[in-house]
Amino acid sequence: MNMETLYQEIILDHYRHPRGKGLREPFEAEVHHVNPSCGDEITLRVQVDEGVIQDISYDATGCSISQAATSVMYEQLVGQPLDQVWPVVEEFVRLIEGRGKVEPNEDVLGDGIAFAGVASFPARVKCALLGWMAFKDATLQALGKDFT
Amino acid sequence: MTLLDVDTLRKDFPILERSVRGDRRLVYLDSGATSQKPYAVLNAERDFYELHNAAVHRGNHQLAEEATDAYEQARATVAGFIGAAADEVVFTRNATEALNMVAYAFSNATLDGGPDRFTLRPGDEILITEMEHHANLVPWQQVAKRTGATLRWFGVTDDGRLDLDPDLITERTRIVAVTHQSNVLGTINPIARIAQMAHAVGAIVVVDACQSVPHMAVDVGDLGADFVAFSGHKMLGPTGIGCLWGRADLLAEMPPMLTGGSMIEQVFMDHSTFAPPPQRFEAGVPNIAQAVGLDAACRYLDAVGLQAIHDHEVHLTGLAIEGLNDIAGIRIIGPADLVDRGAAVSFVADGVHPHDLGQVLDDSGVAVRVGHHCAWPLHRRFSIPATTRASFYLYNDEDDVADLLAGTRRALEFFA
């Protein structure tokens with residue numbers, strides 16, 4: 001697994017031009033997550049209305065992988081109904097934690113499959129998941145459930 | 001100018017023969033996290049298990065005698081390495097445990113009505129620094145929380161030196177805990193001067209020497225501290241072995257952190273008395289083979305010569321600083337000169353996160369550390385989340401520095 005496989009053009013593009021970045025109102029829940037191993041941080045807000053993700057807004061410092069993964073997530077999930085959001089989150093986590101042995105499902109993940117290479121670099125798994133875990137936490141809070 | 005015969009030395013370290021990420025030459029620049037091990041250390045540990053393995057300080061069979069002799073010889077060797085008496089050297093699991101041992105002595109004495117020197121009262125102050133590794137920071141936060149003492153700290157200047165504000169050392173100061181050499185900045189702190197100031201008000205001086213003992217000649221007598229902690233694995237020794245050196249009069253009064261087997265004098269159903277130091281602080285069967293490995297590491301370092309190692313590292317550090325300064329967009333976090341500076345070079349790159357920089361370096365075969373290096377408050381002081389750190393040791397050479405610089409340039413181009 002070489003570096004070019006990890007840093008797909010899609011990832012570099014999202015890193016250089018993050019979509020949906022910045023904190024916005026209205027929002028139903030806000031969370032702050034950190035990656036204790038590198039000090040990266042994200043503040044993320046979610047607005048859910050009538051079972052649909054209306055907005056995900058965020059302010060984050062981090063590496064290209066964490067920034068791009070959050071940006072791709074914004075594109076994939078905003079405007080989606082919750083029952084279509086959870087399978088995407090689940091599939092993304094399964095891919096990233098799959099140690100490179102999980103075949104990515106493009107139908108579910110869309111641009112998210114660009115992160116398949118991350119799974120071969122265990123030290124970067126937390127980077128790719130930082131924004132996604134923050135989203136899961138915030139959304140569950142918005143729905144009145146605990147993050148598990 | 002190379003003072004060490006690095007090509008010959010490198011042959012003693014089998015791991016340096018391997019390649020990484022395909023067929024890249026391994027350029028190991030992460031000795032600040034842990035050092036690689038020479039055959040002398042690997043063989044010492046193996047010989048111990050093959051020929052002498054037994055639990056120490058118990059049993060009267062021949063193997064038990066041999067194991068005990070080897071373990072106590074290791075203590076004597078380590079003591080000699082730092083200019084100490086053998087019974088002032090306590091073997092621990094690592095430096096973190098050694099520092100916690102002192103911190104817990106204060107907590108335990110305060111809660112149990114223990115000896116006065118280790119008892120803290122509200123209003124007492126513990127003085128640390130903003131450049132501490134978490135291992136010499138978090139335990140003192142905990143002590144302050146448990147005892148009601150107040151935590152204070154010396155700040156760090158923009159060029160990465162300690163801001164030694166003398167007003168911080170007062171009659172209220174009971175403990176001064178400071179690193180000998182910053183694991184991020186490379187800064188070597190003036191311990192003797194700090195100890196003099198601290199002792200003038202009766203404070204106890206605790207030194208984290210993890211980054212100094214492996215890299216330069218350290219004599220605890222000259223250092224002037226009361227406790228000195230360091231790890232074996234950062235000085236060519238195995239993991240699982242570290243040391244706490246303490247002044248004999250303080251160790252004699254110090255309460256233990258862990259209790260149980262081996263550390264007792266007499267045990268009754270309702271109470272026990274404790275052994276004198278160092279046994280009092282070594283409850284349970286210790287890491288014997290690792291102590292034996294550390295013995296071999298000390299001998300190896302002595303044979304090469306600590307002054308030559310230090311001079312060699314300063315030379316490489318100078319090349320690295322000079323080369324990095326020539327790359328547009330790179331900023332070194334730490335002293336720009338080589339005065340009182342060890343071989344850790346941390347830096348940030350415009351537009352490239354350390355994680356990404358480290359990834360490109362790794363792809364080039366260069367192993368560095370990225371992140372906050374367990375010194376998060378220090379990074380906050382410089383308003384950065386993380387740095388990339390290259391750290392040098394006796395087996396690194398000028399080619400390694402050249403590869404670091406080439407890899408850094410490659411990363412800047414890749415993410416431009």
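This passage describes two contact regions of chain B in a predicted model, one with chain A and one between its own domains. Local features require pLDDT of at least 70 and side-chain atom pairs count only at pLDDT 80 or more, whereas totals for chains, interfaces and linings use all residues. Residues are numbered from 1 along each chain as its sequence is written, and chains are lettered from A, with ligands numbered from 1, in the order in which they are written.

The contact between the chains involves 12 residues from chain A and 14 residues from chain B, two residues being in contact if their C-beta atoms, placed from the backbone, lie within 7 Å. On the chain B side, at least two residues each are supplied by helix 11 (354–363), strand 17 (369–371) and helix 12 (376–381); helices (H or I, at least four residues) and strands (E, at least two) are DSSP runs, numbered from the N terminus. Helix 11 of chain B provides the largest share, 5 residues. This side of chain B comprises 6 nonpolar, 6 polar and 2 charged residues (nonpolar: Ala, Val, Leu, Ile, Met, Phe, Trp, Tyr, Cys and Pro; charged: Asp, Glu, Lys and Arg; polar: the others, Gly among them).

On the domain 1 side, helix 10 (306–325), strand 15 (344–349), helix 12 and strand 18 (387–391) of chain B each contribute at least two residues, with helix 10 giving the most, 6 residues. The domain 1 side divides into 12 nonpolar, 8 polar and 5 charged residues.
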